Amino acid sequence: MNPAIIIIALLFFTSSIMAVAMTVAWVHFGRQRHVRSWALSYGLSILQWIANAAGLLLKSPALIAIASLFIVVSGSLVLVGVYQRAGRAVPRGALLAAGSLVALAGAYVAIVNDRPLQGMIVPGYVGILMLCSAVALRPKDRRFSAPEMALFVMFALFALFQTALAGSAALELGRGTSAGMATYRAVMALCLPSIYVGSGVAAVLVVAGDLAHQLRRQMLHDPMTGVLNRRGLEEAAAGAIANAHRHGRPLALVVCDLDGFKALNDGFGHIAGDAALRGFAQLLKSAVRRGDIVGRMGGDEFGLLLVETDAVAAAEVMERVRAEVACLRLPGAAAARRHASVGVAQLDGSDRELDDLVARADKALYDAKNAGKNRVAIWREAA
C-alpha cells in the first residue's frame with residue numbers, strides 16, 4: 001500500500017476523533033465560539049484528507065485542488081478560534097482576502113500539476129496561520145497555563161514544519177529531477193503525523209483547562225453580582241492574611257450591608273432588590289484597588305479585604321462608598337431609601353483565618369446599626 005495513504009488514514013482518524021471531541025465540548029459545555037470554530041476546522045480536515053487520498057489514488061488534480069481549498073479554510077478556522085478565545089476582533093476581511101487568493105493559487109497549481117509551487121503556496125500560508133495563532137494565543141495580563149504553553153509550542157512547531165515543507169518544495173523549482181519533492185515527502189512523512197496529533201491533544205487540553213477554570217469560577221463566584229462568594233472569599237482571605245503576616249503589613253476587613261434591604265424587597269419586589277445588590281457590588285468593586293478582594297458573604301452582606309490598608313484608611317474608602325449608595329438607580333423603586341452600614345476591623349497578630357476578622361468587623365457593623373445606620377464604624381477593643 002502507498003505509504004502516503006497510510007499516513008493520510010492516520011490523519012483522517014485523528015481529525016475525526018478531534019472533530020467529535022470538539023463538537024461534544026461545544027454542545028455540552030457552554031457553546032463557546034472558539035470551540036465551534038475548532039470543531040469546524042477538524043470537520044473540514046476530514047474532508048480534506050478524503051479528497052487528498054482520493055486525488056492520490058485516482059491521480060486527479062481536481063481533487064487535489066479541492067483538498068488545498070479545505071486546507072486553507074481549516075487553517076483559517078484555527079486562527080479564528082484562537083482570536084475568539086482571546087476575546088479579540090477576528091480580522092475577517094484580511095483572512096478572507098488572503099485565504100481566497102491562496103486557495104485560488106493552490107487550486108490552479110494543483111490543476112496544472114506544478115508540484116513545487118503547490119508544495120510552496122499552501123504550506124507556506126498555513127505556516128503563517130499557525131505562527132499567527134501562536135502569537136494570538138499569548139495571554140495579555142498573565143502567564144501561560146500549562147495547556148496553553150503546550151498548544152503554543154505545537155503551533156510554533158507546526159509553523160516551523162510548514163516552513164520546512166515550503167522550503168523543501170522550493171528545491172524543486174527550475175530542476176528537472178524530483179530530488180526536491182523527495183525531500184518534501186520525507187519531511188511530510190516524518191513530521192506531519194506527530195505534529196498533527198500533538199496539536200490536537202494540546203487543543204483538547206486547552207478546552208479542558210478552560211472548562212475547569214470556568215467551573216472553578218462558578219464555584220467561587222456569586223452568579224448575581226459577579227464578586228466572590230463566601231467560599232471564594234475565604235480562599236482569597238487565607239492567602240491575603242498569610243501574606244500580611246509574612247511581610248508585616250496591615251490588612252483591613254470591611255463588612256457592610258444595605259440598610260432596610262428586606263423592606264426594599266417586600267415593598268418594591270425582588271427585581272429592585274436584585275438591582276440594589278448588583279449596584280452595591282459594582283460600587284464596592286469600583287472603590288477598591290487591584291489586589292483588594294470583594295465578596296458576597298450572604299444575603300445583602302458583603303466583605304472586602306483591603307491589602308496594605310489599616311482600619312482608618314479603610315473607613316475613609318467606605319465613607320465614599322456609603323455616600324454613593326444613595327445614588328443607586330433601582331427599576332421601579334425610585335422612592336426607596338438606599339443606605340448602607342459598614343463595620344471595619346484590622347488584622348492583628350492572632351488572626352489566622354477570615355472568621356477571626358469577621359467576628360470583630362460584625363461587631364463594628366452592629367455598632368453602626370445601633371447608632372442609627374447609614375454610617376461607618378471601626379472596631380475598637382474594649383478598655
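These notebook entries record what I looked up in the structure.

**Entry 1. Basis**

I worked from a predicted model, in which local features need pLDDT of at least 70, side-chain atom pairs count only at pLDDT 80 or more, and totals for chains, interfaces and linings use all residues. Residues are numbered from 1 along each chain as its sequence is written, and side-chain values use heavy atoms, with hydrogens and water left out.

I took helices (H or I, at least four residues) and strands (E, at least two) as DSSP runs, numbered from the N terminus.

**Entry 2. Largest pocket**

I began with empty space. Rolling a probe the size of a water molecule over the atoms shows where such space is left. On a 1 Å grid over the protein atoms alone, a pocket is an open set of points where a 1.4 Å probe fits, with protein on both sides within 12 Å along at least five of seven lines. Lining residues have an atom within 4 Å of a point. Grid points are joined across faces, edges and corners, and a volume is the space filled by probe spheres set on the points.

I recorded a volume of about 1300 Å³ for the largest pocket. Of its 49 lining residues, Trp 49, Asn 52, Ile 71, Tyr 184 and Met 188 are the closest to its centre. I then noted which helices supply at least two residues each to this lining: α1 (3–28), α2 (33–58), α3 (61–86), α5 (115–137), α6 (146–170) and α7 (179–220).

For classes, I counted Ala, Val, Leu, Ile, Met, Phe, Trp, Tyr, Cys and Pro as nonpolar, Asp, Glu, Lys and Arg as charged, and the others, Gly among them, as polar. On that basis the lining of the largest pocket has 31 nonpolar, 15 polar and three charged residues.

**Entry 3. Second largest pocket**

The second largest pocket has a volume of about 480 Å³. I found 21 residues in its lining, with Arg 85, Arg 142, Glu 148, Asp 210 and His 213 nearest the centre. Helices α3, α5, α6 and α7 each supply at least two lining residues, and α7 gives the most, with five. By class, this lining has six nonpolar, seven polar and eight charged residues.

**Entry 4. Nonpolar cores**

I defined a nonpolar core as a set of buried Ala, Val, Leu, Ile, Met, Phe, Trp, Tyr and Cys residues joined through side-chain atoms within 4.5 Å. Buried means under 20% relative accessible area, exposed over 50%, and partly exposed in between (1.4 Å probe, protein chains only).

The largest nonpolar core has 51 residues, and Met 22, Trp 38, Met 130, Leu 151 and Phe 155 have the most contacts inside it. Two or more residues come from each of α1, α2, α3, α4 (92–111), α5, α6 and α7, and the largest share, nine residues, is from α7. Another core, of 33 residues, lies apart from this one and includes Leu 264, Ala 311, Val 325 and Val 344.

Not counting residues up to four places away in sequence, Leu 151 touches Trp 38, Leu 137, Ser 199, Ala 202, Ala 203 and Val 206.

Two packed helices are described by the angle between their axes and the distance between the axes. Axes are lines fitted to C-alpha atoms, for helices over the stretch in contact, and angles run from 0 to 180 degrees between N-to-C directions.

I noted that α9 (residues 261–268) and α10 (residues 270–287) pack at about 140°, with axes 6 Å apart. Helix α9 contributes Phe 261, Leu 264, Asn 265 and Phe 268 to the contact, and α10 contributes His 270, Ala 272, Gly 273, Ala 276 and Leu 277. These residues divide into six nonpolar, three polar and no charged.

**Entry 5. Single residues**

Gln 162 is in helix α6 and is buried, with a relative accessible area of 8%. Leaving aside neighbours within four places in sequence, Gln 162 is in contact with Pro 123, Val 126 and Gly 127.

Leu 328 lies in the loop between α11 (311–325) and β4 (339–346) and is also buried, at 10% relative accessible area. Beyond four places in sequence, I found Leu 328 in contact with Ala 276, Gly 279, Phe 280, Leu 283 and Arg 338.

Most residues other than glycine have a negative phi. Asn 113 has a positive phi of about 60°; this residue lies in the loop between α4 and α5 and is partly exposed, at 48% relative accessibility.

Key:
Contact means heavy atoms within 4.5 Å.
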